[in-house]
Amino acid sequence: RKSSKKLPPGSLGIPIIGHSLQLLKAMRTNTAEKWLHERIQKYGSISKLTLFGKPTVFIYGKEANKFVFTSDSSTISYSQTKSLKMILGDRSIAELCGQDHRRIRDALVSFLKPESLKNYVGKMDEEVRMHMDMHWQGKQEITVLPFMKKLSFDVICSLLFGIEQAGTRRDKLVTWFQQMIGGIWSVPINLPFTRFNRGLRASARVRNFLKDLIAEKRMQLKRGADPHQDLITCLLSTPIDPSIYASVLQEQEEIAKSKPKGELLTWEDLAKMKYTWKVALETLRMFPPIFGGFRKAVRDIEYDGYIIPEGWQIFWTMNMTHMDDSIFTEASKFDPTRFDNQASIPPYSFIAFGGGPRMCPGYEFAKIEALVTIHYLVTQFTWKLCADASFSRNPRLMPSEGLPIQIIPRK
Ligand code: HEM
């Protein structure tokens, strides 16, 4: 039986392109929240538009997040933009559902769960130290963003791909990966020199590279080998109250003092970094690296008095909830003590890592990497921003000038 409810307010705009260019421009100029806020003022908490080739319904808030993260697969499916599907391929984890998704996710989680990762803290420590020695020591000024991207990628290459040596292979992969990311929120029209086209070409190169890498790893195994908007940039660009910085430094110095000089950090050391992790979570609340995402209506859905037609995209965002004063008192104030009692934060309000069955399985990995990096950063250096800390989204969050800072080694 057809529902008597009507479509949400708003216009779909020009077919295929619709509002994509407006949203992308707003993201690039760091006015995307304002752009969405104006939509909400004009149309209310649910509205229709066209994004990246498809008719879309935009919803926001705690209830919307709950709906997105907990609805079962007979109501909505995990579906990303057409450009993402074409760049990552239709067998990527983003496109799998049901049993197939479970199987791949379980395989990832078997490596990314804390019990497995705790054996790799020392390896991450080595990568972070090597990075600081190579790129930070002896310098007076550095640009944080490219270095932090490189460090995150080096850690991933070492731990996830088993590419141990820094050099051309890692460098090539990082360039292609960035081109892929650049294309995932784009209008899916394949013309030369567009972001979408660059993303597709990079994707083909990455797949060939990974095929070769898998073949190489198989050979090594046969020979008996052993199987085996980034956060820091945002943290460094946030003007933090000196007392918050002092508390982080004190926590980290106590850990450093408790260890023989040069010894690698351990899982137990990370467990002591409680305040530092709250500072990291507060950074993720105010500057979530991911802007939002998409789902697809599997059937006609009634939501908030309107109908979301079968096949339409559902667009959800993080920032609108994270900056809601009714959920986070004085939301624009940087206050890590909000995370003192995490159970007091209402469900589906802090969603930097998503929620439900698709929640980020890389949470612990990101946590370890962030804590190890912050440890060496604050115990080895002090720093001063050299440019204003404005951001743009591409679609990932990035400081406009790459975040140049002056660094001074600590005695
Ligand atoms: C601060 C760092 C990170 C943040 C804020 C983050 C955030 C997110 C979010 C919000 C989602 C859910 C998207 C949705 O529901 O549409 C997600 C999914 C995912 N993340 Fe992360 N992530 C981070 C780091 C990582 C790392 C380090 C890895 C891997 C080592 C990772 C692997 C994944 C995977 C595989 C998924 C898809 C899960 C699925 O579809 O079942 N993430 N992430």
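I142 stands opposite I405 in β12, a pairing found in a predicted model in which local features require pLDDT of at least 70 and side-chain atom pairs count only at pLDDT 80 or more, whereas totals for chains, interfaces and linings use all residues. Residues are numbered from 1 along each chain as its sequence is written, and side-chain values use heavy atoms, with hydrogens and water left out.

Strand β12 (residues 404-409) runs antiparallel to β4, and three bridges join the two. Strands are DSSP runs of E of at least two residues, helices are runs of H or I of at least four, and both are numbered from the N terminus. Two strands are taken to pair if DSSP finds at least two bridges between them. The open sheet to which β4 and β12 belong has three strands in the order β4-β12-β9, with antiparallel pairing. Its edge strands, β4 (141-143) and β9 (381-385), each pair on one side only. Neighbouring strands of this sheet are turned by 35° against each other on average, direction ignored; the axes are lines fitted to C-alpha atoms, and angles between N-to-C directions run from 0 to 180 degrees.

The iron atom of the ligand has a single protein donor, C360 (SG), at 2.2 Å. Donors are N, O and S atoms within 2.8 Å of the metal (3.2 Å for Na, K and Ca), and sites may look incomplete because water is not among the atoms. C360 is located in the loop between α15 (319-322) and α16 (363-380).

Around the ligand there are 23 residues, of which H101, R105, R295, R358 and C360 come nearest; a residue is counted if one of its heavy atoms lies within 4 Å. An N or O atom in the side chain of H101 is 2.6 Å from an oxygen atom of the ligand. For R105, a polar side-chain atom lies 2.8 Å from a ligand oxygen atom, and for R358 the corresponding distance is 2.9 Å. Polar contacts of this kind are pairs of N or O atoms within 3.5 Å. The elements that give two or more residues to the shell are α5 (98-112) and α16, and the largest share, four residues, comes from α5. By class, the shell has 16 nonpolar, four polar and three charged residues, where Ala, Val, Leu, Ile, Met, Phe, Trp, Tyr, Cys and Pro count as nonpolar, Asp, Glu, Lys and Arg as charged, and the others, Gly among them, as polar.

The mean pLDDT of the protein, the predictor's confidence in each residue from 0 to 100, is 91, and 97% of residues reach 70 or more. The model scores ipTM 0.97 and pTM 0.90.

Notes: Polar contact = N/O pair within 3.5 Å; in protein donor to acceptor, adjacent residues only side chain to side chain.
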